[in-house]
Amino acid sequence: MANKRVRNIEKELLSDNWYLLHKYRFEYQKDDGTWETQEREAYDRGNGAAILLYNKEKETVVLTRQFRMPTYVNGNESGMLIEVCAGLLDGDHPEDCIRKEVEEETGYRIHSVKRVYEAYMSPGSVTEIVFLFVGTYEDTMKVSEGGGADDETENIEVLELSFTDALKMVETGAIQDAKTIMLLQYAALHKLF
């Protein structure tokens, strides 16, 4: 349903180098009924999916570590970030996407996933919705070393950590990725362990 408080939307393409960056100029009706002109930029990289892999018996989770340039230029001295497995949908259904990403990034071939949330991660500037999942893994599901797709220059390190250690890493700031924090908190709140 269209928002009746938004009108006269103009859209200008600023960049299509990596993904799409648009500038929007529009009128927004304020609470007092008057209209004001606003401008916003929105980065469209498509929607994504992320998953917390967990093993209840071992009380472990599988996370990844990789270099993230945007964090590096914003004060993360190493540029390395510990995250749950994630990727862009690229036209795939979220469940299919996350199974493919899990195998590429971690080397596990999983079958059953449970969607737990959908979230806008940075709604002030990015259009992306991330579909958040949890799923179980076992050692017997390991089919490769993982590390990411060769053509995507990801260089992913696969980490298997105790759930307790992963939660402590959130508290100490060793884990700073929002989707990872959300899924670890989901696991704690819903007593997956």
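Me: What makes β1, β2 and β3 an open sheet, and in which order do the strands stand?
Reply: The order is β1-β2-β3, and the pairing is antiparallel. Strands here are DSSP runs (E, at least two residues), numbered from the N terminus. Two strands pair if DSSP finds at least two bridges between them. β1 (6–15) and β3 stand at the edges with a single partner strand each, so one side of each has no neighbour in the sheet. Neighbouring strands are turned by 20° against each other on average, direction ignored. That angle is taken between lines fitted to C-alpha atoms, on a scale from 0 to 180 degrees between N-to-C directions.

Me: What kind of model is this, and how are residues numbered?
Reply: This is a predicted model: local features need pLDDT of at least 70 and side-chain atom pairs pLDDT 80 or more, while totals for chains, interfaces and linings use all residues. Residues are numbered from 1 along each chain as its sequence is written, and side-chain values use heavy atoms, with hydrogens and water left out.

Me: How do you know that β1 and β2 pair?
Reply: Seven bridges join β1 to β2 (residues 20–29). The requirement is at least two, so the two strands count as paired. They run antiparallel. Lys-11 has Tyr-24 as its bridge partner in β2, and Glu-10 has Arg-25.

Me: Why is Asn-55 called buried?
Reply: Its relative accessibility is 8%. Buried means under 20% (exposed is over 50%, partly exposed in between, with a 1.4 Å probe and protein chains only), so Asn-55 qualifies. Asn-55 is found in strand β4. Across the chain of 193 residues, buried residues make up 38%.

Me: What is called a pocket, and what volume does the largest pocket have?
Reply: The volume is about 1400 Å³. A pocket is an open set of points on a 1 Å grid with protein on both sides within 12 Å along at least five of seven lines; lining residues have an atom within 4 Å of a point. Volume is the space filled by probe spheres set on the points. The lining has 38 residues, with Arg-45, Arg-68, Pro-70, Glu-83 and Lys-179 nearest the centre. Elements giving two or more residues to this lining include β4 (48–55), α2 (94–106) and α4 (178–189). The lining divides into 16 nonpolar, eleven polar and eleven charged residues.

Me: Which strand gives the largest share of the second largest pocket's lining?
Reply: Strand β3 (residues 35–44), with three residues. Among the lining residues are Arg-40, Glu-41 and Ala-42. Tyr-24 and Tyr-120 also line this pocket. About 240 Å³ of space lies in the second largest pocket.

Note on methods
1 Å grid on protein atoms, 1.4 Å probe; cavity = no way out; pocket = protein on both sides within 12 Å on 5 of 7 lines; lining within 4 Å. Helix = DSSP H or I, 4+ residues; strand = E, 2+ residues; numbered from the N terminus. Nonpolar A, V, L, I, M, F, W, Y, C, P; charged D, E, K, R; others polar.
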